[in-house]
Amino acid sequence: MITVLSNVIRFVVLIALQVLLLDHMDLANGWVVPYLYVLFIMMLPFELPTWSVLLLGFATGATMDFFSSTPGMHAGACTVMAFARTGVLRLLEPRDGYEFGVAPTVQTMGLVWVLTYSALLVPIHHLWLFFTEVFRFDRFPETFGRALLSALLTITLIMLVQLITGRQERKRA
Amino acid sequence: MRDLFRFLWRSRSTLLFIGLMVLSFLWLANGNDHHRAQTFTSSQAAIGTLYGWRDQVVRYTDLDGENEILAAAQAEMMNRMRSSYLNSSAPFVVVNDTLLQQQYKYISTRVLNSTTSKQKNFLTLDKGSKAGLAAGMGVIAANGIVGVVRECSPRFSTVTSVLNSSWNISVLNPRTEHFGLLNWDTADPTTARVKDIPKHARIVVGDTIVTGGDDRVFPKGVPVGVVESVVNDDGAVALDIIVRLSHDMTRIGHVWVVTDLLKLERDTLEAKLDAE
């Protein structure tokens with residue numbers, strides 16, 4: 001129950017942060033846009049079955065689409081990322097498996113693991129999103145560069161968020 | 001048969017993934033369909049309210065620049081007022097001007113939300129059909145065009161921005177009287193491209209580009225931008241012109257929606273042509 005509640009709160013906070021602040025940053029004339037909201041999909045509990053991660057991913061993307069009046073671009077990118085999550089988790093699985101009932105955070109998995117995890121997942125989402133947004137390949141290097149630079153920024157923000165929220169949890173304990 | 005069901009059940013995630021991807025592509029393919037967007041008006045109103053709250057917080061941060069632009073616009077208007085002109089023929093005062101009929105009406109609105117970093121950018125306005133706004137009306141700011149109203153809920157409207165690669169608007173170079181099409185494919189929020197101006201036209205850097213007015217979205221002569229570069233390529237059929245947009249789309253607060261009071265009359269007349 002607490003897991004569900006904390007995920008709902010995380011969803012609302014991340015979407016609000018994205019549409020109210022990050023979408024309006026206009027870094028380098030809008031060339032680079034961090035999409036921090038994908039952290040919600042990344043931080044879903046380990047034991048959640050793939051199909052429900054897929055549905056939640058699609059719903060997250062659809063919410064972003066309503067806010068930014070884009071037709072299904074975020075929904076598609078999030079679904080691709082949710083699908084990739086299962087594979088990436090299997091790839092990064094520790095020898096004794098994942099603990100039941102924990103979310104992927106720095107506390108539970110360590111800094112290097114979270115960094116690898118985001119470095120594998122975030123570029124998938126960003127590349128898919130930026131390329132469906134442009135919807136053509138004639139400016140390939142530019143779009144590729146935009147997606148990767150934005151992904152770098154998103155990963156930096158994810159690590160920052162993890163460090164800030166992590167410290168609070170430690171204090172509480 | 002049981003094997004088939006077992007197979008389907010085992011690959012349910014992959015099937016769901018494919019299903020969701022097909023759904024997202026269908027959504028993308030119907031993305032610009034006006035009717036699709038109509039069904040989301042209630043969610044649009046909720047999103048408009050949220051963006052309204054954001055605007056109440058953020059609007060104060062840009063008051064200086066906003067005041068500057070409004071003061072300049074007011075000065076421009078005052079220059080046009082009858083009281084700013086000296087009457088050189090005092091005995092003949094025009095009391096009731098029946099020769100001029102008002103054709104365009106301006107409705108002042110606030111921009112609640114705008115983007116400039118996407119391929120297709122939109123704005124949200126704080127007025128809707130209750131204030132007389134309707135789809136297809138032009139939106140201008142103090143220094144030039146901003147976009148066209150895409151759809152209206154009772155209290156909010158969405159606007160297709162000039163910075164939207166799928167939107168074209170007819171523009172005119174008043175010096176040479178050449179018409180062209182403005183399209184934003186420069187991926188840079190300060191510039192746009194003008195197409196379809198023939199190669200023999202003598203367009204020079206520094207020419208002012210204004211709206212053409214023939215597509216009934218804007219009055220004729222609203223500033224659009226200033227020509228920044230002209231390329232006359234041997235292989236091309238038209239000039240490749242880049243204009244610097246006269247209104248800074250990244251700083252936008254107050255805008256005016258233009259209503260053409262004679263549009264209905266003209267449309268009704270022209271609809272008879274189509275019916276024949």
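In this predicted model, chain A exposes about 8300 Å², and carbon and sulfur atoms supply 71% of that area. The chain is built from 7 helices and 0 strands, so that its elements, read from the N terminus, run α-α-α-α-α-α-α. Of its 173 residues, 50% are buried. Among the contacts in chain A with a separation of 6 or more, 73% join residues 24 or more positions apart.

For contacts with a separation of 6 or more in chain B, residues 24 or more positions apart account for 60%.

The next point of interest is the place where the two chains meet. The size of an interface is often given as the accessible area lost when the parts come together. Here, chain A and chain B bury about 3200 Å² between them, and 68% of this lies on carbon and sulfur atoms. On the chain A side, F66(A), F67(A) and P71(A) lose the most area to chain B, and together they make up 18% of what that side buries. In terms of residues, 36 from chain A and 29 from chain B take part in the contact.

What kinds of polar pairing does the interface hold? The rule finds 5 residue pairs in polar contact across it, both residues at pLDDT 80 or more, while the number of salt bridges found between chain A and chain B is 0. Several helices of chain A give two or more residues to the side that touches chain B, namely α1 (2-20), α3 (50-68), α4 (73-91), α6 (111-134) and α7 (140-172). The most is given by α3(A), which supplies 10 residues. By residue type, the side of chain A that touches chain B divides into 19 nonpolar, 10 polar and 7 charged residues.

T116(B) sits in the loop between β1 (104-114) and β2 (120-125) of chain B. Is this threonine buried or exposed? T116(B) has a relative accessible area of 6% and is therefore buried, the cut-off being under 20%. Leaving aside residues up to four places away in sequence, T116(B) touches D26(A) from the partner chain, together with N121(B), L163(B), W184(B), P189(B), M249(B) and T250(B).

How values were computed:
Residues numbered from 1 in each chain as written. Chains lettered and ligands numbered in written order. Predicted model: local features only at pLDDT ≥ 70, side-chain atom pairs only at ≥ 80, totals over all residues. Heavy atoms only, no water. Contact = heavy atoms within 4.5 Å. Buried area = accessible area lost by both parts, 1.4 Å probe. Salt bridge = Lys/Arg side-chain N within 4 Å of Asp/Glu carboxyl O. Polar contact = N/O pair within 3.5 Å; in protein donor to acceptor, adjacent residues only side chain to side chain. Helix = DSSP H or I, 4+ residues; strand = E, 2+ residues; numbered from the N terminus. Nonpolar A, V, L, I, M, F, W, Y, C, P; charged D, E, K, R; others polar. Buried < 20%, exposed > 50% of the residue type's maximum accessible area, 1.4 Å probe, protein only. Areas by Shrake-Rupley, 256 points an atom, 1.4 Å probe, with all protein chains shown as cover.
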